[in-house]
Amino acid sequence: MTDLLEAPAPAPAASGGPAAASRRGRRGLPFSPWHLLLAPTAIVFAIPFVEMFLASLTPAADLVQVPTPLIPSTLTLAGYASLVTTSPVLLWLGNTLVVAGTAIVSHLVLCSLAGYGFARLRFRGRNLGFFGIVATIMIPTQVLMIPTYVLFSRIGLLDSLGAAIVPWLASAFGIFLMRQFFLSLPLELEEAGLLDGCTRRQVFFRIVLPLAKPALATLAIFTLLGSWNDLVWPLIAINNDQAFTLQLGITTFQGARRTEWSLLMAANVVATLPLILFFLVAQKQFIATMTFSGLKG
Amino acid sequence: MTAVPTAPAVPADRRRAIRRRGAARALEGWAFVGPATVLVLGLSIFPAAWSFLLSLQRWDGFSDPVNVGAGNYAYAVSDADLWAAVWHTGLYALLFVPSSVLLGLLLAVALNRRIRFVGLYRTAIFVPFVASAAATGILSTYLFSPQFGLLNTILRDLGLPPQGWLEDPKQAMVVIALMSLWGSAAFTTVIFLAALQDIPAELVEAALIDGATKRQAFRHVVVPQLAPVIAFATIWQTVEALQLFDLVYTTTRGGPLNATQTVVYYLWNAAFKQTEFGYGSAVAWGLFAITMLITVGVIVVSRRARIEAF
């Protein structure tokens, strides 16, 4: 996949050098004029998160003054303490970890198996099956949510964590992504394995899967983002605060506690910080994931 | 694969062997694809068909369903509240789609160069992508709070009148669109960055050597290369915009005065608050149909535009 983190090399001096210098000179700036666009934009984009972290550490009383001070008088963990002691937020965090963890493991196993089968094996029903998978990519969730709700209520899955997990066990996008990846691998490796007497299963687990790490990383991030951040489905399917996911749980503060800003922002930090940190360490893989979801169109 | 010639010359026992091999292959193939395929199709094709049947009924989930034929669809066409929701959704799409495509294009062009701090800028602009709609919504109610929010604090410091923001029917949708832009600029920027880096550098260099200015080279060399990606981003963001729900739920819950009640919010309310499963399904299918129409429309328009351009 294209490495977006590497900007293109500067144009060779012979063609671009003097022209670039004169352009820069014309505006009389000692730096690239693009900084004038990018620096303010980056600051504006950073402000909401900075405010969120600051407010989560500010004494609650500071945040209901008018005018609200821009800099907190002192920093305190009181918001977090009140969040943990007056709400089941840690349980919700655990629920979300279970949902996201199950979703990722199941996606990696089931979608890579299916992607490989559709890419490499020839068998009766393959084309029909794959056509069905691709067709479902277009069906919007709004069409599915009412019958899925009724179905889950009939099988007694509503109001439990299972309701949040089952829709995330596999996805058409995941199967499609893995199939595209396996199609791009050279056939020779697998043929050599088969000639050496490996079964298909051995070829898949010992030869193909170790080569699929970049695609598996993309799939894991896609699943993590989707299952961690999902709101509408848990909102519909789970009505029992012991089985709330984190995202659903934090929206319940918006009623009576909607001006307890330091508690609300602490809850927001709990709900977003894991993904922010993960993004910061794996930015490359996140960008690859975004690029792929763009390329599939 | 299954196109093995079964001419009469092939002896019966060999034919049986071939059939057995076909069955073994099918077993192996479905062992690989079966679990995921059953899950995905079972949770989409089957509910989609059911949803269509539901859309022809009046049903609250408990009592016996009543067949109403196209009655739900007929009611939808004359439902003033639904039309208001369509209007609000259209307004949001108009606010969000063009600005997200243009912002993505601008940021991609700006970030596609080797200048100092570019990594820092990129990180700051991309991080909001991981923020959930729930967190973004709650954060919006804080930043745009009329009494305590940062925005009004700044306005007051500048001596300007504070605004109602999410509590003002005229401004609420604008605030929601702004916060959507904050979270999704990364996506359009990334796909434009990928497209920009796929353009061979020689193309632009050739234009510059032929005497084009940088601006002309961008307008006449880079933009035509980006046209398919621009069309794709427009479709993608439009589909996203038509399905707006989460941010409305976590900021205004459809208010003030229903000004941010979108089609999906209306659908959710009809289906899960009023338990009108049939009517909710009809609205969902209507939305699906409109989404498909717009998608096809954008594809046709972009095809035509490209034919005219060349």
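Among contacts in chain A between residues at least 6 apart in sequence, 76% join residues at least 24 apart. Keep in mind that this is a predicted model. Chain A is built from 15 helices and zero strands, and 41% of its 297 residues count as buried.

**Where the chains meet**
- On the contact count, 85 residues of chain A touch 85 residues of chain B.
- Helix H2 (residues 34–56) of chain A supplies 13 residues to the side of chain A that touches chain B, the largest share.
- Sorted by class, that side of chain A has 56 nonpolar, 24 polar and five charged residues.

**A helix pair across the chains**
- Helix H4 (residues 89–120) of chain A packs against helix H1 (residues 12–42) of chain B at an angle of about 130°, and their axes are 7 Å apart.
- H4(A) and H1(B) cross in a left-handed way.
- From H4(A), the contact uses Leu110(A), Cys111(A), Leu113(A), Ala114(A), Tyr116(A), Gly117(A) and Phe118(A).
- From H1(B), the partners are Gly29(B), Phe32(B), Val33(B), Pro35(B), Ala36(B) and Thr37(B).
- By class, the residues in this H4(A)–H1(B) contact split into ten nonpolar, three polar and no charged.

**The nonpolar core**
- The largest nonpolar core holds 169 residues, and the members touching the most others are Ile175(A), Ala36(B) and Val283(B).
- Helix H8 (residues 172–198) of chain B puts 17 residues into this core, the largest share.
- Ala36(B) shows up again here: setting aside neighbours within four places in sequence, its contacts are Leu110(A), Cys111(A), Leu113(A), Ala114(A), Ala170(A) and Ile175(A).
- Ile175(A), one of those contacts of Ala36(B), is also one of the core residues that touch the most other members.

- Ala135(A) sits in helix H5 (residues 126–137) of chain A.
- Is Ala135(A) buried, exposed or partly exposed? With 14 other C-beta atoms within 10 Å, Ala135(A) is partly exposed, because buried needs 20 or more and exposed means 12 or fewer.
- Ala135(A) and Ala172(A) are 37 residues apart along the chain, with their C-alpha atoms separated by 8.9 Å.

Key:
Residues numbered from 1 in each chain as written. Chains lettered and ligands numbered in written order. Predicted model: local features only at pLDDT ≥ 70, side-chain atom pairs only at ≥ 80, totals over all residues. Core = buried A, V, L, I, M, F, W, Y, C linked by C-beta atoms within 7 Å. Helix = DSSP H or I, 4+ residues; strand = E, 2+ residues; numbered from the N terminus. Contact = placed C-beta atoms within 7 Å. Nonpolar A, V, L, I, M, F, W, Y, C, P; charged D, E, K, R; others polar. Axes fitted to C-alpha atoms, helices over the stretch in contact; angles between N-to-C directions. Left-handed = near helix turned anticlockwise from the far one by under 90°.
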